[in-house]
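Colleague: I have a model to go through with you. Let us take it feature by feature.

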Amino acid sequence: MSSNHIDTLRGKIDALQLEKLEALNKPRVNEFVADAFQLCKPDSVFIATDSAEDIEYVRRNAIERGEEKALAMEGHTVHFDGIKDQGRDTKNTRYLLPPDVHLGEHINHMSKQAGLEEVRDLLDGSMAGKEMVVRFYCLGPKDSIFSQLCCQITDSFYVAHSEDLLYRPGYDDFLKADEHQVVFRFLHSAGVLENGVSANVDGRRMYIDLEDNIVYSVNTQYGGNTLGLKKLAMRLGVSRSLREGWLTEHMFIVGVPNESGKVTYITGAFPSMCGKTSTAMLEGQSIVGDDIAYLKKVDGEVRAVNVERGIFGIIADVNPTDDPIIYEALTTPGEAIFSNVLVKDGVPYWIGMGEELPREGINFSGEWHEGKTDSSGKPISPSHKNARYTVKINDLANCDPHMDDPAGVQVGGIIFGGRDSDISVPVEQSFNWTHGVLTKGASLESETTAATLGSEGVREFNPMSNLDFLAASLDTYIHKYIEFADGLDKPPAIFSVNYFLKDKDGRYLNGMMDKKVWITWIEKRINREMGALETPTGFIPLYKDLKELFKSVLGKEYSEDQYKEQFTIRTPEQLARIDRIESIYRREWGIPELLFTTLDRQRVRLEKARNEFGEYISPLLLSQKLMMDQG
Ligand code: SPV
Ligand code: MN
């Protein structure tokens, strides 16, 4: 079978390229490449190995073919996506399911047959006049139980170049792999280009075939829709991991040292644009990953790896004060791709960079000048809110020494965070694993952001910050999550954080850097070095500890009034959320009863506290009561 597929390519593609494919001797890869070639009809094919020469070819072509432009700083380039192609298109991202598979109403899906017909029709001839690039990568560290082989086909050198920064090269791993190893496969075409951007955005489709582990993406360039190994592979990963009893999560991984130098690794799941990367980059910590983690149980411990090796991060608000390490990487020579920023005289600019922006330049709308409006009359921002940078983590000063460790790192704690203006306290620890998984992870809501197309600021249910990538039904996901702690000597402690809490007048209650205090408190709780106050919803910090931490971590005073306002238990809002979440899960099939009983117990605790202390309960009142009880 293998030779048949190779034979369909023989004589049609360059012999040298064919040799590189033949050397792999992988029938399923050959079939995938031959099919893509026949369907997309490129003018030529480039098969990339891990050699410096092939990687340089990709980098050079991204510029020569106009998908990227060199900036003034050595190694820096810029890429623009179309004005209507600036975020993940969740509406047109669908799972293709056989007739007997159902994933529930929260998962965007369609019939496999109809989906394949539609997307293959859109891909037909889509690479005419272009070169098809075939790349091989390894998700997770190489030679590891976490390693996941991937093959990406694309007609975009920007996609191929970005993936070289973001993912570990894997041609060598394919050479070594046996024929039966599971391979994730991705076929992308930007479709017809006009002025360098995908012209047919109405035909933008991202279709995920979970049975065959193939993802199709067409008529789009934005990374979240096109970089196969990022959010598309994440969906295949979620599906595979839940079948096999491990987890694929929308999580950063960081190392947090204590005073004696002991490093505790913490993961954090946040929806897009809710502070995930900036938390991962906090000063004094080391970064393993900022976006996607695989978690497995090994010898009674949870171990985690970064699926990626680079960052495709939000550039807005990266400035020397709030994000000095990334700012440094983006303003000194070294390989970096900027996307959807403002460019003037070969220099990139972005909102929140800490200096005044030029009043004109080139951006994602073409020639831009202050006051320029879009087709609906709204002003066009100089750089898009979802503008991004792409860099390798290894090039950053704070790269953790275990970034590429095949054994991963041990997870001490897990944080769930969302954009929540009126309910949760800034930081809180759950009572135990199931309480955390169910009342924090599975109950997470977050206000929508510019990372996805559509309106912003709408409160949405987003379990584990992973709803967009959930390639399984909710009941399967929740069951598997709860079960994940079975057999662990000491399950990771679970926390929630909320950086977005506001007062009645809509003012944020916390500064940008307060997160550093919360993370320090979390590290100390994991290592049982700090006490806490028990509330109906979990354990919160004591005032005296925060006062000390604000001083030692940020050099700031922290008043009792601030504590009181930030950590007040808002019972009406808490109870309303329980009702909302419960009704969502009631509409699903097969949800574990434990979810409903856990929510109900939380409701009862909240109601009891409300009856005793009133609707808005100051933590100071609770601590007085605690002291009296103990006294
Ligand atoms: C996110 O939106 O969560 C990202 C960037 O990390 S994207 O690749 O668009 O998913
Ligand atoms: Mn993400």
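Colleague: Are His250 and Asp291 buried or exposed?

Modeller: Note that this is a predicted model. The cut-off for buried is under 20% relative accessible area. His250 and Asp291 are both on that side of the cut-off: buried.

Colleague: How many residues apart in sequence are the parts that the pair His250 and Asp291 ties together?

Modeller: His250 is in the loop between strand 14 (247-249) and strand 15 (251-257). Asp291 is in the loop between strand 17 (286-289) and strand 18 (293-298), so the pair links parts separated in sequence by 41 residues.

Colleague: On strand 7, which residues are on each side?

Modeller: In a regular strand, side chains alternate between the two faces of the sheet. Strand 7 (residues 148-154) has seven of its seven residues buried. Both of its faces are covered. One side has Gln148, Cys150, Gln152 and Thr154; the other has Leu149, Cys151 and Ile153.

Colleague: In the open sheet of five strands, which strands stand at the edges?

Modeller: The order is 2-3-21-26-20, with mixed pairing. Inside that order, strand 3 (residues 76-79) and strand 21 (residues 336-339) pair in the parallel sense over four bridges, with His76 opposite Ala336. Each edge strand has a single partner, so one side of it is left without a neighbour in the sheet; the edges are strand 2 (69-70) and strand 20.

Colleague: Now the pockets. Which residues lie nearest the centre of the largest pocket?

Modeller: The largest pocket holds about 1,000 Å³ of space. Helix 9 (228-244), helix 10 (276-280), strand 20 (310-314), strand 26 (388-392) and helix 14 (514-526) each give two or more residues to its lining. By class, the lining has 18 nonpolar, 12 polar and 15 charged residues. Of the 45 lining residues, those nearest the centre are Met273, Cys274, Gly275, Ile314 and Arg419.

Colleague: What is the volume of the largest cavity?

Modeller: The structure has four cavities of 30 Å³ or more. The lining of the largest cavity has 18 residues, with Ser424, Thr439, Lys440, Ser496 and Arg577 nearest its centre. Its classes are three nonpolar, 10 polar and five charged. The space inside is about 180 Å³.

Colleague: Which elements give two or more residues to the lining of the second largest cavity?

Modeller: This cavity has a volume of about 100 Å³. Its lining includes Arg28, Val29, Val183 and Arg185. The lining divides into four nonpolar, one polar and five charged residues. The elements are helix 3 (27-40) and strand 9.

Key
Residues numbered from 1 in each chain as written. Chains lettered and ligands numbered in written order. Predicted model: local features only at pLDDT ≥ 70, side-chain atom pairs only at ≥ 80, totals over all residues. Heavy atoms only, no water. Buried < 20%, exposed > 50% of the residue type's maximum accessible area, 1.4 Å probe, protein only. 1 Å grid on protein atoms, 1.4 Å probe; cavity = no way out; pocket = protein on both sides within 12 Å on 5 of 7 lines; lining within 4 Å. Points joined across faces, edges and corners; volume = space filled by probe spheres on them. Nonpolar A, V, L, I, M, F, W, Y, C, P; charged D, E, K, R; others polar. Pairing = 2+ DSSP bridges.
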